[in-house]
Amino acid sequence: MELPVPMTEIDYHLLVAEFDMLWSRPPDAALRERMDQMMRLISAFEESRRIASSA
C-alpha cells in the first residue's frame with residue numbers, strides 16, 4: 001500500500017498512539033475497520049522508511 005500523502009514522523013507516532021489507545025477498547029465492526037486501516041497506514045509508512053534507509 002502506498003501512502004496517499006506523505007506521512008510525517010509526527011503523524012506516524014500519533015497514529016501509533018491512537019492505535020494503542022483503541023487496542024484496549026471492546027472491538028466492534030467500526031473499530032476493527034478503523035484499526036485495519038491504521039495498520040495498513042503504519043505498515044506502509046514503515047515500509048517506505050525501510051526503503052529509504054536502504055537506498
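## A partly exposed arginine and its partner

At 35% relative accessibility, Arg49 counts as partly exposed; this class lies between buried, under 20% relative accessible area, and exposed, over 50%, with a 1.4 Å probe and protein chains only. The model that gives this value is predicted, so local features need pLDDT of at least 70 and side-chain atom pairs count only at pLDDT 80 or more, while totals for chains, interfaces and linings use all residues. Residues are numbered from 1 along each chain as its sequence is written, and side-chain values use heavy atoms, with hydrogens and water left out.

The side chain of Arg49 meets that of Glu9 in a salt bridge, at 2.9 Å from N to O. A salt bridge is here a side-chain nitrogen of Lys or Arg within 4 Å of a carboxyl oxygen of Asp or Glu. Glu9 is also partly exposed, with a relative accessible area of 37%. The pair links distant parts of the chain, since Arg49 belongs to helix 2 and Glu9 to helix 1, 40 residues apart.

## Overall architecture

The chain contains two helices and zero strands. These elements are DSSP runs numbered from the N terminus: helices are H or I runs of at least four residues, and strands are E runs of at least two. Along its principal axes, the C-alpha trace spans about 40 × 20 × 15 Å. Of the 55 residues, 24% count as buried.

A contact means heavy atoms within 4.5 Å. Among contacts between residues at least 6 apart in sequence, 54% join residues at least 24 apart.

## Helix 2

Helix 2 has 26 residues, which should span 38 Å at 1.5 Å a residue; its end C-alpha atoms are 38 Å apart, which agrees. The expected span is 1.5 Å times one less than the number of residues.

Which residues of helix 2 are buried? They are Leu31, Met35, Met38, Leu41, Ile42, Ala44 and Phe45. These buried residues pack against helix 1.

## The nonpolar core

In soluble globular proteins, nonpolar side chains tend to be buried together. A nonpolar core is a set of buried Ala, Val, Leu, Ile, Met, Phe, Trp, Tyr and Cys residues joined through side-chain atoms within 4.5 Å. The largest such core in this model has 11 residues: Met7, Tyr12, Leu15, Phe19, Leu22, Leu31, Met35, Met38, Leu41, Ile42 and Phe45. Helix 2 gives the most, with six residues.

Leu15 is one of the core residues. Leaving aside residues up to four places away in sequence, Leu15 touches Met7, Arg34, Met38, Leu41 and Ile42.

## Aromatic pairs

A pair of aromatic rings is described by the distance of the centres and the angle of the planes. Rings of Phe, Tyr and Trp (its six-membered ring) pair if their centres lie within 6.5 Å; planes under 30 degrees apart count as stacked, over 60 as edge-to-face and the rest as tilted. A search of the whole structure finds two aromatic pairs. The rings of Tyr12 and Phe45 have centres 4.5 Å apart and planes at 20°, so this pair is stacked. This pair links distant parts of the chain, with Tyr12 in helix 1 and Phe45 in helix 2, 33 residues apart. Tyr12 is buried, with a relative accessible area of 8%, and Phe45 is buried at 6% relative accessibility.

The rings of Phe19 and Trp23 have centres 5.8 Å apart and planes at 35°, so this pair is tilted. Both residues lie in helix 1, four residues apart, about one turn of the helix. Phe19 is buried, with a relative accessible area of 12%, whereas Trp23 counts as exposed at 63%.

## Other salt bridges

Side chains of opposite charge can pair when their charged atoms come close. How many salt bridges does the model contain? The count comes to four, including the pair of Arg49 and Glu9.

Arg50 forms a salt bridge with Glu47, the closest N and O atoms being 2.5 Å apart. Because Arg50 and Glu47 are three residues apart in helix 2, about one helical turn separates them. Arg50 is partly exposed at 48% relative accessibility, and Glu47 is partly exposed at 34%. The side chains of Arg40 and Glu33 also meet in a salt bridge, at 3.8 Å from N to O.
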